[in-house]
Amino acid sequence: MSTRKSRTLKVDYLARVEGEGALFIRLKDDNVTEVQLRIFEPPRFFEGFLRGRRWTEAPDITARICGICPIAYLASSISAMESIVGAEVPHPIRELRRLIYCGEWIESHILHLAMLHAPDFLGYQDALAMAKDHPDIVKGALRLKKIGNDIMVLLGGREIHPINLRVGGFYSVPTKDELQKLRPDLEWGLEASQQVARWAATLDYPDFERDYEFVALRHPKEYPLWEGRLVSNKGLDIPLSEFYDHVVEEHVARSTSLHSSMRQRGTYHVGPLARYALNYEHLTPGCQALARECGLGPTCNNPFKSLLVRAIETVYAYEEALRIVNTYEMPDRPYVPLEPRAGRGYGCSEAPRGICYHTYAIDDQGVILDARIAPPTAQNQRCMEEDLAALVPQFAHLKDDDLTWRCEQAVRNYDPCISCSCHFLKLEVQREYSH
Amino acid sequence: MRGVKKPKLAVWKFASCDGCQLSLLDCEDELLTVAEHVDIAYFPEATRAVQKGPYDVSLVEGSITTPHDAERINKIRRMSRYLITIGACATSGGIQALRNFADVNQYIRIVYAHPEYIETLRNSTPIAMHVYVDFELRGCPVNKYQLIEVLNALLNNRRPNLPTYSVCIECKRRGTACVMVSEGVPCMGPVTQAGCGALCPSYRRGCYGCFGPMEVPNTAALSACWSNIGVQKDDLVRGFRMFNAYADPFRKESEVHEHA
Ligand code: SF4
């Protein structure tokens, strides 16, 4: 005779992620029967109200989709608009664009890896509790993060929703001397971020790997930030204009965010692990050597180790920022003046949490007729669910509280910004036992 | 501080981009000090730990856009001694209030394949339209130093010392040449509340009004200025309809030109 026991476990919000959502897991005899990520983020309808706005307004408006990766939205929308008119920006502008994106990577990566994700590995509720036992780590991280923000402030005017980027370039650009002021901090940061990577390598990572299809930008010469083709480790190689020929967005009942997958290919994974695997050769020799020292090969399939890859990317961002600061020459004018023309454009950039894709159609007056945006967290949602389905049986022996925590940690592997996925968190584990 | 109970701080989120609450984590130099003086009791974006209410101070980010949220804000008000709204979303409805000027059902159809899954209110509304708000902090995003000033003032039982004059005054103070006069660039500065330090003009662009209307703004005079420098009606409407589109003075002015 068998009796059934079922248990439900609830946590009000999945914390330390940006935004609101919930996780629902049903277990029967330690087998996962259902995993759902539910997104409660109230819909904000950006793609609706962008219609009728000017093409030059899209950057400042779409930046408000996400306060932690505004540069990603600014960059992707600016690139999309510039592609409509076939604009080329001069080298120094391109360099400043890379520099401000480095600022966002540094700020976002350090915030996430040291203050939001590391506490999971060390068993703290948050960075403030962690700061009591590891004051040097937290204080060092705060300074590293601040330098990222300083780049954003210098080039963008402020750290959240910078005001100085526009279609065609910048409203104003710094002089060589102004940029040079960043140098001592960047030199300190390069050194300090290498220490953070070495420290990150000492954390205890769960033994867990999956065979992902990684999707990221690839550029012939450099580690991708603002541009490139979309490629995967399983044969995808397309120009930006073909994104929606391959990606389908599905609207499921549990979510105000659209779930992405690829036709014939299924679930894919965007973010640091994908970028790293697909662009390893474009990391500097110093970063590659450090990655090896930290125990990473040229590909990493353990999503928990995204923390470590973020640390390597932070070092890269510091190196790249220094390179730019050291070689910058002020451009003749801060932007290229552009006139609208009717057409459709595509833009994609590497947000800290993965590719952020935009496409717009405008008329000959520059009025937006249609807008479509695929934020990184929405693209990763299915991947997160599949990770959890694979992970839970491995940790099903844990007490509910510990299992819950483990699941949260696994979601945080993706540094999800739920606002972004338009966009989490309540955790519910339902256990049924037959005896 | 032993024996003295630290005030309990909660941070709540409604429809928003998280940028305003992130401002708190962006106070790199002040964060650890702030944490010495207040007890961060509920802040899901930063900590798993949750303490039950009531709370001494609630910071509320985001606007009300769903029936569920309209109920939730009332519960939060009942649990909070002081309720402070942070940012344009919470004080005026934010950029998502652009739906208030359109047919939201059409928007749902543009964005979602299954409109029946989406539960949303007709309008995106500020927190003060639902509950009593003790203090409103402006900006899209808020200025983090203003945020610290507000917390400081509350901890010391005084009124926050924040300007209510226009961005123009900040330009004059920092000696920035007027972009409207000198370059003919449309600027919202004359009707927008100070607080950003006249950021945009200092980068040679016009203010886009992210701090919302100042006290008694002369929006009609500004529209006349903009018209004089060649701004067309549609762009006047767009100018007032940005991050504070649903703030009364901006909303009314945009409607004047929409129907003109
Ligand atoms: S006011 Fe602006 S910065 Fe603040 S949450 Fe709303 S959209 Fe984000």
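Student: Which strand does B:Leu83 lie in?
Tutor: This is a predicted model: local features need pLDDT of at least 70, side-chain atom pairs count only at pLDDT 80 or more, and totals for chains, interfaces and linings use all residues. Residues count from 1 along each chain as its sequence is written, chains are lettered from A and ligands numbered from 1 in the order in which they are written, and side-chain values use heavy atoms, without hydrogens or water. Strands (E, at least two residues) and helices (H or I, at least four) are DSSP runs numbered from the N terminus. B:Leu83 falls within residues 80–86 of chain B, and that's strand 4.

Student: Is B:Leu83 buried or exposed?
Tutor: Buried means under 20% relative accessible area, exposed over 50%, and partly exposed in between (1.4 Å probe, protein chains only). The relative accessible area of B:Leu83 is 0%, so this residue is buried.

Student: Which residues does B:Leu83 touch, not counting those up to four places away in sequence?
Tutor: Touching, or contact, means heavy atoms within 4.5 Å. Among the neighbours of B:Leu83 are B:Ser58, B:Val60, B:Ile73, B:Ile76 and B:Arg77.

Student: How far is B:Leu83 from B:Ala220, C-alpha to C-alpha?
Tutor: Along the chain, these two residues are 137 residues apart.

Student: Which residues touch the most other members of the largest nonpolar core?
Tutor: A nonpolar core is a set of buried Ala, Val, Leu, Ile, Met, Phe, Trp, Tyr and Cys residues joined through side-chain atoms within 4.5 Å. This one has 165 residues, and two of them touch the most other members: A:Ile312 and B:Leu59.

Student: Which helix gives the most to this core?
Tutor: Look in chain A, at residues 91–122. That stretch gives 16 residues to the core, and its name is helix 4.

Student: At what angle do the axes of helix 3 and helix 4 of chain A cross?
Tutor: Axes are lines fitted to C-alpha atoms, for helices over the stretch in contact, and angles run from 0 to 180 degrees between N-to-C directions. Helix 3 spans residues 70–85 of chain A, and its axis comes within 9 Å of the axis of helix 4. The two axes cross at roughly 150 degrees.

Student: What does that make helix 3 of chain A relative to helix 4 of chain A?
Tutor: Angles under 35 degrees count as roughly parallel, over 145 as roughly antiparallel, 65 to 115 as roughly perpendicular and the rest as oblique. Helix 3 of chain A is therefore, relative to helix 4 of chain A, roughly antiparallel.

Student: What is the strand order in the open sheet of three strands in chain A?
Tutor: Strands pair if DSSP finds at least two bridges between them. The pairing in this sheet is antiparallel, and strand 11 (343–351) and strand 13 (368–374) are its edge strands, each pairing on one side only. The order is 11-12-13.

Student: Which helix of chain A packs on the sheet?
Tutor: The helix touches strand 11, strand 12 and strand 13 of chain A. Its direction makes about 130 degrees with that of strand 12. Residues 376–395 form this one, helix 13.

Student: Which residue is the bridge partner of A:Ser349?
Tutor: Nine bridges join strand 11 to strand 12 (residues 354–362) of chain A. The partner sits in strand 12 and is buried, with a relative accessible area of 0%. It's A:Cys356.
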